[in-house]
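Hello,

Here is the structure I promised to pass on to you.

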Amino acid sequence: GSVANSRLNVTAFLYCSFDSRLKVSCIVKNRYHVYNSTIDNWNTVAYTSNPAAIYRALLKGPYLPRQATDDQIDYATLNSLYEWCETNGRTCNTVISSPMQLRELLNNVLFTCQGAFYLKNGLYSVSFDKEQASPVALLIPKNTNDFHGAKVFGGVIDALECIFVDKNADYKETTELVLPYGATTYQNKQSQKMFGTDNYEQAVKIARYIMACNKLRPETYTLKIGIEHYSIPRGSRVLVQHDVLKTGICSGRVKRVFQAQGTWQIEIDETPAAQSPDGEYALVIFKANGDIITVGVVPPSGYESVLATYENPIGVAEGDLYAFGVSGMETVDCVVSSKTLSDDMTCELTLMGYNSDIYSATNAEIPTYNPKVFRGNTFSLGGEYPDLTDLKDNLVVSHFGNIFFDFGTYARKETE
């Protein structure tokens, strides 16, 4: 047979009529505006499958009744996403064969790069899950309220059957089984259609990311913050300490910082005691300039509000928020998955666990989940943990203090 190459110059709409006996097969390449980080603009047009470029093109598409203008797009985030996709080899290649709402299509495109559509301060933006160098806020009972938590109990997904159109198999739909890195067997398999993925390598990256999230993010928290903290963006990394979580020992505000007998001292508004005089303890402090630092402290010999530090707590001042606890277990690391402004001028945040091992799951084993629960009897609140019995797959248990609710059977067990 012969091969025919054709070039069509088209506008936004194209209608072609072929003889029913003629079968045409072709590969379409699209030209979009791409981001040039050297000159910081999107003026260059080139062939690309970068999801960020496609996302921008969809927002500005000439076929839309209302196209987004440049001043309606959060370019700071979009630029970052474009470069992340280039660095991590993420692409989006697919054929849309049925009608789809724009927002659904935008989210499907962003599925290829761990992202989701997001309106940020009135701008079209993206919330994408990536490794972050440092948290942006410390959330404790002093600056939050109405804390709730839920945990999914059930089998951890340890195999994902990926369904995608493989460009290396003559663009046929392919099903590939992906296991976590280093695994050879599995017990709980699920299927996942990989929108926009046309190669096995990307399917593996997405699948192992999903399995890492499933294993290392079993808990979800919601809490309310004041309107003054509404600027915390969706996708931000935050630190949380709360009595319900049984993480850390206490939290509050710094009362003063001073020197005594050549040693730096920090006075806090609580009187914690060390569980063990040989243990390592620290203060996580959120400073007025937005920086979060961790300061090692000498284990208090009794219930003390003045803690001696091993170093100069530079920049720490009266009124700064702190969380005190066993070193490395003072707080729970979280990421903001959603935020909602309430009628009472508060903002509700939904949080998931942040764990750097999620982002290295492509080429590293997924570790065991560590909830960072402090189990010292001295600081446990309300007694021992209740026993949970007759758990069912995918059971969601919501905990309020030490009261657990089984939403499946409405059974309730309280601690004595």
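Let me begin with T346, which sits in strand β19 (residues 346–353); strands here are DSSP runs of E with at least two residues, helices are runs of H or I with at least four, and both are numbered from the N terminus. With a relative accessibility of 14%, T346 counts as buried, where buried means under 20% relative accessible area, exposed over 50% and partly exposed in between (1.4 Å probe, protein chains only). Its C-alpha atom is 9.9 Å from that of L223, although 123 residues separate T346 and L223 along the chain. Apart from neighbours within four places in sequence, T346 is in contact (heavy atoms within 4.5 Å) with K224, I225, T340 and L341.

A word on how to read all this: the model is predicted, local features need pLDDT of at least 70, side-chain atom pairs count only at pLDDT 80 or more, and totals for chains, interfaces and linings use all residues. Residues are numbered from 1 along each chain as its sequence is written, and side-chain values use heavy atoms, with hydrogens and water left out.

For the overall picture, the protein chain has four helices and 22 strands, and 42% of its 416 residues are buried. Of the contacts with a separation of 6 or more, 68% are between residues 24 or more positions apart.

Now to helix α3 (residues 102–111), where L105, L106, V109 and L110 are buried. Viewed down the axis of α3, these buried residues fall within an arc of 135 degrees, so they line one face of the helix (the arc is taken from the directions from the helix axis to the C-beta atoms). Their cover includes α1 (51–59), α2 (75–88), β3 (115–120) and β4 (123–128).

A polar atom of the T112 side chain lies 2.6 Å from the backbone oxygen of V109. Beyond neighbours within four places in sequence, the contacts of T112 include P51, R90, F195 and I206.

Finally, confidence: the chain averages a pLDDT (the predictor's confidence in each residue, from 0 to 100) of 84, and 82% of the residues score at least 70. Where pLDDT is low, predicted coordinates should not be read in detail.

Best wishes

Conventions. Polar contact = N/O pair within 3.5 Å; in protein donor to acceptor, adjacent residues only side chain to side chain.
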